[in-house]
Amino acid sequence: MMVVSLLVALAVLTYNPADDMLARRFSLDSLIDPGSRTAANALGLTGAALARLLVPGFLGYFALFLPILGGIWGYGRLRHRSDERLILASILALGGAFIAATLFGWISVATGSDLMAWSGY
């Protein structure tokens, strides 16, 4: 769980809007043989498709809370910790991510600034 969280975080951190056209046409054939179409994302075409799903399509860069929580849960499972505190922390972190993304979206619309990457489109 911790390794997957690290890879998802890497995909989100290296999100590039120029990869959106490649990510829209994501298929198994293009994954196996990309040809001259290479993504700028650190995880390649798979990372570009995942980052496109999370960054502009979900919470913006606040989607980083998901892999962070996944890493914390993975560490808790590895160390056989109880889930009671993790459940509360997860609910609060996800709620905070939604509120922060909403706030950045509202500020972007109200002021006309370009903060949409921080809030999702």
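Me: Why is leucine 43 called partly exposed?
Reply: Leucine 43 has 32% relative accessibility. Buried means under 20% relative accessible area and exposed over 50%, with partly exposed in between (1.4 Å probe, protein chains only). The value of leucine 43 therefore counts as partly exposed. This is a predicted model, in which local features need pLDDT of at least 70 and side-chain atom pairs count only at pLDDT 80 or more, while totals for chains, interfaces and linings use all residues. Residues are numbered from 1 along each chain as its sequence is written, and side-chain values use heavy atoms, with hydrogens and water left out.

Me: Thanks! What makes Val3, Leu7, Leu10 and Leu43 a nonpolar patch?
Reply: Patches are made of residues with over 30% relative accessible area and no salt bridge; nonpolar side chains (Val, Leu, Ile, Met, Phe, Trp, Tyr) are joined within 5 Å, like charges within 9 Å. Val3, Leu7, Leu10 and Leu43 form such a patch on the surface, with about 320 Å² of accessible area together. Leucine 43 sits in the loop between α3 (28–32) and α4.

Me: How do you know that arginine 77 and aspartate 83 form a salt bridge?
Reply: The rule asks for a side-chain nitrogen of Lys or Arg within 4 Å of a carboxyl oxygen of Asp or Glu. In this pair the closest N and O atoms are 2.7 Å apart, so arginine 77 and aspartate 83 form a salt bridge. The count by this rule is one.

Me: What makes the pair of tyrosine 15 and tyrosine 61 edge-to-face?
Reply: Rings of Phe, Tyr and Trp (its six-membered ring) pair if their centres lie within 6.5 Å; planes under 30 degrees apart count as stacked, over 60 as edge-to-face and the rest as tilted. Four aromatic pairs are counted this way. For tyrosine 15 and tyrosine 61, the figures are 6.4 Å centre to centre and 70° between the planes, hence edge-to-face. Tyrosine 15 lies in the loop between α1 (2–13) and α2 (20–24) and tyrosine 61 in the loop between α4 and α5 (65–78), so the pair ties together parts 46 residues apart in sequence.

Me: And why is the pair of phenylalanine 62 and phenylalanine 65 called stacked?
Reply: Their ring centres are 6.5 Å apart and their planes at 10°, so the pair is stacked. Phenylalanine 62 is buried at 13% relative accessible area, whereas phenylalanine 65 is partly exposed at 31%. Ring pairs also link Phe62, Phe65 and Phe104 into a cluster.

Technical notes:
Helix = DSSP H or I, 4+ residues; strand = E, 2+ residues; numbered from the N terminus. Areas by Shrake-Rupley, 256 points an atom, 1.4 Å probe, with all protein chains shown as cover.
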